[in-house]
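Dear colleague,

Here is the structure we spoke about, with its sequence. My notes follow below.

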Amino acid sequence: CHNMKVIKTEKRIRLLRGSNVTVKSRVVTVTGERGVLVKNFKHMQCDIRVDGRYIVVEVWLGQKLHRAGVGTIIGHLRNMMLGVTIGFHYKLRLVFAHFPMIFKIDDDEQVVTIDKYLGGIGRKIIPIPEGVVVTRDDDVKEEYHVIGNDIEDVSQFCARCSQSTQTRDKDIRKFLDGVYVIEKGTIGNLKM
């Protein structure tokens with residue numbers, strides 16, 4: 001019958017070699033050779049525990065929304081373990097047709113400044129999150145590397161750079177200037 005309750009929803013993920021996980025009242029701490037990541041899952045009604053070499057996430061008598069959240073938590077935990085063992089790496093490319101854009105990394109202030117986008121005088125200032133390193137590629141001109149442990153910080157920084165240079169009030173087929181993510185993945189394993 002389609003009205004039957006699902007008693008228990010459970011998913012488990014194997015710990016990655018080199019990562020150590022502790023759980024205390026739905027606050028998960030993942031430790032690895034690259035650092036420590038902490039994430040709070042108290043907003044989810046679930047049980048999270050470490051069972052040997054596995055992390056188990058389970059929901060008892062959950063509605064559809066709570067059952068769907070189990071897979072989301074497993075995805076977060078996988079990304080946290082990958083971050084502290086391998087790390088995440090995104091590549092940004094500056095594209096401009098006529099007006100050269102200036103992409104300046106200020107390590108003291110922990111910000112990136114984008115000047116002269118489409119020849120304009122506006123300045124876009126994007127803060128670099130803690131734990132994220134932005135470097136310029138020595139071989140390829142106008143290419144930058146964004147590396148960090150937390151995939152949310154790395155991808156959010158890249159999205160802010162990309163969205164700050166979106167073309168508005170112009171034909172986007174013609175005006176392709178901007179900052180684009182060209183590759184992303186873990187360190188040493190980039191793909192698009």
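Before the helix and its angle come up: axes are lines fitted to C-alpha atoms, for helices over the stretch in contact, and angles run from 0 to 180 degrees between N-to-C directions. Please keep in mind that this is a predicted model.

The sheet and the helix

Helix α2, residues 151-164, lies across β8, β9 and β10. Against β10, the helix runs at about 170°. These strands form an open sheet of 3 strands in the order β8-β9-β10, paired antiparallel. β8 (102-106) and β10 (124-127) are the edge strands; each has a single partner strand, so one side of each has no neighbour in the sheet. On average, neighbouring strands here are turned by 20° against each other, direction ignored.

Strand β9 covers residues 111-115 and pairs with β10 in the antiparallel sense over 4 bridges. Across this pairing, Thr113 stands opposite Ile125 in β10.

Glu143

Strand β12 takes in residues 143-148, and Glu143 belongs to it. Is Glu143 buried or exposed? Its relative accessible area is 3%, and buried means under 20%, so Glu143 is buried.

Which side chain does the side chain of Glu143 make a polar contact with? The partner is the side chain of Arg93, at 2.5 Å. Leaving aside neighbours within four places in sequence, Glu143 is in contact with Lys91, Leu92 and Arg93, and also with Arg136, Asp137 and Ile182.

Regards

Technical notes:
Residues are numbered from 1 along each chain as its sequence is written. This is a predicted model: local features need pLDDT of at least 70, side-chain atom pairs count only at pLDDT 80 or more; totals for chains, interfaces and linings use all residues. Side-chain values use heavy atoms; hydrogens and water are left out. Helices (H or I, at least four residues) and strands (E, at least two) are DSSP runs, numbered from the N terminus. Buried means under 20% relative accessible area, exposed over 50%, partly exposed in between (1.4 Å probe, protein chains only). A polar contact is a pair of N or O atoms within 3.5 Å; within protein, one must be able to donate a hydrogen and the other to accept it, and residues adjacent in sequence count only if both atoms are side-chain atoms. Contact means heavy atoms within 4.5 Å. Two strands pair if DSSP finds at least two bridges between them.
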